[in-house]
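Here is a short report on a two-chain model. Please keep the sequence and the coordinates at hand while reading.

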Amino acid sequence: MTEPYAVPVPKGYRVGVWEVREPIATGAFGSVYEARRVGDDEALASRAADAEALPRTAALKFLPTGTGTPRQLTHLRELVDREVELHRRLKQPRLIRMYDTLTVDDPARPALDGATVLVLEKAEGSLSALLAADPRPAAGPALLAQICEGLAQLHHAGWVHGDLKPANVLLMADGSARLADFNMAAEMEGTHAYTHAFSTPDYTPPELLWSEIGERGRRIRPSADVWAFGVLAHLLLTGSFPLPGATPTARRDAAAAYARGTDDLRLSPELPDDWREIVRDCLTRTHADRVGTRDLLRRVEAAAGTGRSPRLPRALRGRRSRRTTVLAAATAVVAVAALGYGVSNWTDTDARGSGAGASGAGTTKVTAATYGASELRTDKGVPVAYRRLIVDSAHDCVQPEVTPALIAALLKAESDFDPDLSDPSVGEEGEYGIARWTPSLLRWWIRADGVPAKETPKPPLSPAESIPAVGRYLCYMEPLLDQKGLSGDRRVLLAAAYRTSTKVVNNAGGVPPKYRDYAARVAHHLKEYTPPGKQ
Amino acid sequence: MYSIIVVPPPTTEDENHRTQIRMAPGERLSFGRSDSGNDLAIAHEGVSRRAGEITAQGAFWILSNLSREQTYVVENPEGAGEHIKVGPGRLDAPVPFEFSRIVLPAAGDLLAIQVWAPRHDYRSADGLDGATTAPAFSVDRTKRYFAVLAALCEPRLRGEPHAALPTVDQVVDRLRPNWPAASRTSVQWNIDYLAVKLRLKPGPEEADTGPRLNGKKESLVSLALRFDLVREDDLVVLTEPVPRRVAR
């Protein structure tokens, strides 16, 4: 690549025990250099005391997080944190390893001072370099099985990669593949995760093209990685992108047209039949139709003929030795115990519920009964059938006050979770359903896209309509409550505003006397439903 | 997944609330006087029965002039007179502007259809190609919406992370030296447009535009700051005349 390095580091530069050697690659945010271990000081001994010994060579990823960096980017800190967090929590055979993180302390070089350095397992090259080679690598299917295995390990542990593409698949000295670059990775919260608003156009699923973006970033599901895998598989097996077009923009438009149903998917005739089915099931128009990662892995392994312990075809080894000369002085890294260790290890972890391989969250399966358990207690009588609706509705709102426990407390106080509540006597229209909506008011909040419904909804009002609308309405009202001068818990005030209006609450300077009982009930249930340690 | 928004000429019914028609790539909208056979009927004697067609084409759009003798002018309202002419019978003429106004000459009146193309891409500092991880937003730093966004973000960028956001009137005052025609309406229009451009999760702002604007401004600013759409060195757009060409 000819683009300038995002972070120039001179050869021979010392960071901790590492001495920088040749540049390896650069991305938009950071640059990666080969480094060799030169120091042997106590720092090393203490640092690595409880970890495995540091290798002789590593890849150092420099991210310009210092304050003297010319282009100061606030979002960079967040990207770095995501990557480090993932490495800390997940160690899996198909994910590149992180040994350490360092911070450059060098006031003499303002461009480097304060930079974060990730010490990563050094790879031999990336899949994008392999793709540039002609003829196409014969090892494609075996590599795909390993990439898929990496995805399965990530998804299983509750993370989404968010930026799967050839440049982020690294090839190790033994020819095996590992996933890298977790800047965009995000941990799942329920059915989706929030990732940074960056993407690589050619690997972005159609539902994320021009998708809405909230303050927390864009919502992404594991199925986004599945789409990217489909694109990557097509590219690796046929040498062309699955969607037609000479430019990324043309392919993006083709993806949009395909998703809208105006165009069909025309995969390359070079694609073998079993792979055609797999790629087709990855590249479905909607995320809901895409194949799950587990099924995908099983089918990919069958198609690759790798079974449960991928063997590497000879062809790749042959190719690789030729590439070694190109990449210069690549030292073998980690005598890779990865092969044959992959899937079986991962399924073992699963059987035990949580364990060594996937430390951290996400190894227990989330069922409806425990959905959102960290924010909404499971033992206080919130009906299981509504948990998902309640938790997701609260997550859709950017205001921190709108929590699952608040929505649940409000529903409890309004209707005692009675979905069939019908009270035609109140006001002119009556109140209906689990959230006691007045139909003409619900009309403004019933649609997820924020547009009022064409007609006033007619009772009965289902929980699926009522609960998300409560989340939207509370979210709308939060900024309208006075910032100062109101007494009481803002969440309870919000519930009071739901019962009356923000104006009434603002004018009363708190909960109006008439609604004290209601507010007390909400406050009681709010406390009851909030897990200990959560505020 | 729309990429083009058409705002028809105002009618007497929607004084406060103008209809927006959202179009996805490949979708076609025909307009003309006749109620039947047109997706958008324009009730004016001077307009042809079948006047034309707008087709969304990726991030841009194309215009067909189906009238017999009228030339349509497509203006760039921020382009200092920049415009293109689409003669009678011309089919599928591409329009390059992010905002456009199609002016239909109609028996002495000029009717304007607005067309927005909020998905236009602009080169970011990091370049753009299919294999590079790119930010999901691309803003044109020469457009007025960028100046409005910068003015909204200014207090927080100047080092007060919890500073109150400027009111619309304060934004107008801040921008007036470089934009003499700035008004409450035009600034609010730009705020609404930014919400579309940055794909802010829509709130039911149609319900009532007054207080909701606060939430929208707040969301815009936090999004812009979080994703570095406006940085401290961008604040020069508030003091220097807006350059006519992309400078970065």
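## Arg156 of chain B

In which helix is Arg156(B) found? Arg156(B) sits in helix H1 of chain B, residues 144-157. Helices here are DSSP runs of H or I with at least four residues, strands are runs of E with at least two, and both are numbered from the N terminus.

Arg156(B) is partly exposed, because 18 other C-beta atoms lie within 10 Å. The cut-offs use C-beta atoms placed from the backbone: 20 or more others within 10 Å means buried, 12 or fewer means exposed, and in between is partly exposed. Arg156(B) touches Pro161(B), Ala163(B), Val221(B) and Leu225(B), leaving out residues up to four places away in sequence. Contact means that C-beta atoms, placed from the backbone, lie within 7 Å. Ser222(B) is 66 residues from Arg156(B) along the chain, yet their C-alpha atoms are separated by 9.7 Å.

## Model and numbering

This is a predicted model: local features need pLDDT of at least 70, side-chain atom pairs count only at pLDDT 80 or more, and totals for chains, interfaces and linings use all residues. Residues are numbered from 1 along each chain as its sequence is written, while chains are lettered from A and ligands numbered from 1 in the order in which they are written.

## The two chains

Chain A has 17 helices and 16 strands. Of its 535 residues, 48% are buried. Take the contacts in chain A between residues at least 6 apart in sequence: 64% of them join residues at least 24 apart.

Chain B has 4 helices and 12 strands. Buried residues are 34% of its 248. For contacts in chain B between residues at least 6 apart in sequence, 50% join residues at least 24 apart.

## Strand pairing

Strands of a sheet pair through backbone hydrogen bonds, either parallel or antiparallel. Two strands count as paired if DSSP finds at least two bridges between them. In chain A, 6 strands form an open sheet, ordered E1-E2-E3-E4-E6-E5, with antiparallel pairing. Its edge strands are E1 (14-15) and E5 (98-103) of chain A, each pairing on one side only. Inside this order, E3 (residues 31-37) and E4 (residues 57-63) of chain A pair in the antiparallel sense over 6 bridges. Glu34(A) has Ala59(A) in E4(A) as its bridge partner.

E3 (residues 28-32) of chain B pairs with E5 (residues 52-57) of chain B in the antiparallel sense over 4 bridges. There, Ser30(B) is bridged to Glu53(B). E3(B) also runs parallel to E4 (residues 40-41) of chain B, joined by 2 bridges. In that pair, Phe31(B) is bridged to Leu40(B).

H4(A) covers residues 140-156, which is 17 residues. The expected span is 1.5 Å times one less than the number of residues. H4(A) should therefore span 24 Å, and its end C-alpha atoms are 24 Å apart, which agrees. Gly158(A) follows H4(A), with a positive phi near 90°.

The axes of H4(A) and H5(A) come within 11 Å and cross at roughly 170°. Axes are lines fitted to C-alpha atoms, for helices over the stretch in contact, and angles run from 0 to 180 degrees between N-to-C directions. The two helices are therefore roughly antiparallel, a label for angles over 145 degrees; under 35 is roughly parallel, 65 to 115 roughly perpendicular and the rest oblique. The contact includes Ile147(A) and Cys148(A) of H4(A), and Phe229(A) of H5(A).

## Nonpolar cores

A nonpolar core is a set of buried Ala, Val, Leu, Ile, Met, Phe, Trp, Tyr and Cys residues joined through C-beta atoms within 7 Å. The largest has 123 residues; Leu60(A), Ile147(A), Cys148(A), Phe229(A), Leu149(B) and Leu220(B) touch the most other members. Helix H5 (residues 222-238) of chain A gives the largest share, 11 residues. Another core lies apart from it, with 50 residues, among them Trp437(A) and Leu474(A).

## Pro512 of chain A

Pro512(A) lies in the loop between helices H16 (502-508) and H17 (516-529) of chain A. With 16 other C-beta atoms within 10 Å, Pro512(A) is partly exposed. Beyond neighbours within four places in sequence, Pro512(A) contacts Thr500(A) and Val504(A).

Terms used. Contact = placed C-beta atoms within 7 Å.
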